[in-house]
Amino acid sequence: MTDQHGHTHRLDLDDASVREWDATVVGSDPERGIVLDRSAFYPGGGGQPPDHGVLLWQGVQTRIVGTRKGDDLYLLPAEGDPLPPAGTTVTGAVEDQRRTLLMRTHSGLHVLCGVVFRDFGALVTGGNMEPGEARMDFNLPEVPPGFKQSLEDAVNAEIAADRKIVARVLPREEALRIPTLVRTQDALPPLEQPEIRVIDIVGLDVQADGGTHVASTAQVGRVEVVKVESKGRQNRRVRIRLAPA
Ligand SMILES: [Zn+2]
């Protein structure tokens, strides 16, 4: 199952809107971290950084400042915070402002790479995001005059079109038949995965993806293309940010 990581059921993959939930501690170690039976903490990956938040238990607060992925999904406590022992019932809460901003930023990057692929046929060669701002590198040796502005206009037109953003888990064979599935150069989903999670921006873009997204493109809000830089002969780096509300 793609929504299970070791002992932890990934609530964030079921529903990206979950911010608070009850769980039981199944592992607790000051070195390795805390393992829950159910967690909505996005553990990081695909350029999206991990969530921050808290665990509340018996009147105590344990701040979560990151995650570590291994055989289990380990939540990393803030230095000095008490750890809930195994067996404790906790309420988990993901820091909403940061996560929601990351979901909007991440979804904005999908619109960007969907538009660049549709209009220029260019693949992604790298990327990174922080809450509210991001960069993405494309294999795009030449760009036309006025590229930055026309790209910004095209991205915002797709956002204004309010396209639905849908996550689906498909059998591997079916997913691999989607021609646009893998947009990052040289990155095929691991062979041993029997199922592949895809994110469909309906009518614009379908690709394999494990991150969290908003439900429709209008929720991204206006995107600004801040800069287009050359990164070697083949690559262009596009920097975006979410416009202040
Ligand atoms: Zn994504």
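Arg241 is partly exposed in this predicted model, with a relative accessible area of 40%. Its side chain forms a salt bridge with Glu224, and the closest N and O atoms of the two are 2.7 Å apart. Arg241 belongs to strand β16 (residues 235-242) and Glu224 to strand β15, so the bridge ties together parts that are 17 residues apart in sequence. Glu224 is also partly exposed, at 22% relative accessible area.

**Salt bridges**

The pair Arg241 and Glu224 forms a salt bridge, and the structure holds twelve salt bridges.

| Pair | Closest N and O atoms |
|---|---|
| Arg118 and Asp119 | 2.7 Å |
| Glu152 and Arg222 | 3.3 Å |
| Arg241 and Glu224 | 2.7 Å |

In the bridge between Glu152 and Arg222, the closest N and O atoms are 3.3 Å apart. This pair links distant parts of the chain: Glu152 sits in helix α3 (residues 147-160), while Arg222 sits in the loop between β14 (205-208) and β15 (223-231), 70 residues apart. Glu152 is buried, with a relative accessible area of 11%.

Arg118 and Asp119 form a salt bridge with a closest N to O distance of 2.7 Å. Arg118 counts as partly exposed at 44% relative accessibility, and Asp119 is partly exposed at 39%. Both belong to a network of salt bridges that links Arg118, Asp119, Glu158 and Arg163.

Helix α2 covers residues 96-120, which is 25 residues. At 1.5 Å a residue the helix should span 36 Å, and its end C-alpha atoms are 35 Å apart, which agrees. The residue after α2 is Gly121, whose phi is positive, near 65 degrees.

His106 and His110 are both in helix α2; being four residues apart, they are separated by about one helical turn. An α-helix has 3.6 residues a turn, so residues three or four places apart point the same way. His106 is buried, with a relative accessible area of 4%. For His110 the relative accessible area is 4%, and this residue is buried too.

**Arg197, a buried arginine without a salt bridge**

Arg197 is part of strand β13 (residues 195-201). Is Arg197 buried or exposed, and what is the nearest side chain of opposite charge? Arg197 is buried and has no salt bridge; that nearest side chain is Asp209, 4.5 Å away. A salt bridge needs a nitrogen within 4 Å of a carboxyl oxygen.

The Arg197 side chain does reach the backbone oxygen of Gly211, at 3.0 Å. Apart from neighbours within four places in sequence, its contacts are Leu13, Ala167, Arg168, Val169, Gln207, Ala208, Asp209, Gly210 and Gly211.

Arg38 lies in strand β5 (residues 38-39) and is partly exposed, with a relative accessible area of 34%. A polar atom of its side chain lies 2.6 Å from the backbone oxygen of Asp22. Beyond neighbours within four places in sequence, Arg38 is in contact with Thr8, His9, Leu11, Trp21, Asp22 and Ala23. Of these, Leu11 is 27 residues from Arg38 in sequence, with the two C-alpha atoms 6.5 Å apart in space.

Thr8, another contact of Arg38, is placed in strand β2 (residues 8-10). Thr8 counts as buried, at 1% relative accessibility. Its side chain reaches the backbone oxygen of Leu36 at 2.7 Å. With neighbours within four places in sequence left aside, Thr8 is in contact with Asp3, Val35, Leu36, Asp37, Arg38, Ser39, Asp72 and Leu73.

Definitions and conventions: Residues numbered from 1 in each chain as written. Predicted model: local features only at pLDDT ≥ 70, side-chain atom pairs only at ≥ 80, totals over all residues. Heavy atoms only, no water. Helix = DSSP H or I, 4+ residues; strand = E, 2+ residues; numbered from the N terminus. Expected span 1.5 Å × (residues − 1). Buried < 20%, exposed > 50% of the residue type's maximum accessible area, 1.4 Å probe, protein only. Lys, Arg positive; Asp, Glu negative; His and termini not counted. Polar contact = N/O pair within 3.5 Å; in protein donor to acceptor, adjacent residues only side chain to side chain. Contact = heavy atoms within 4.5 Å.
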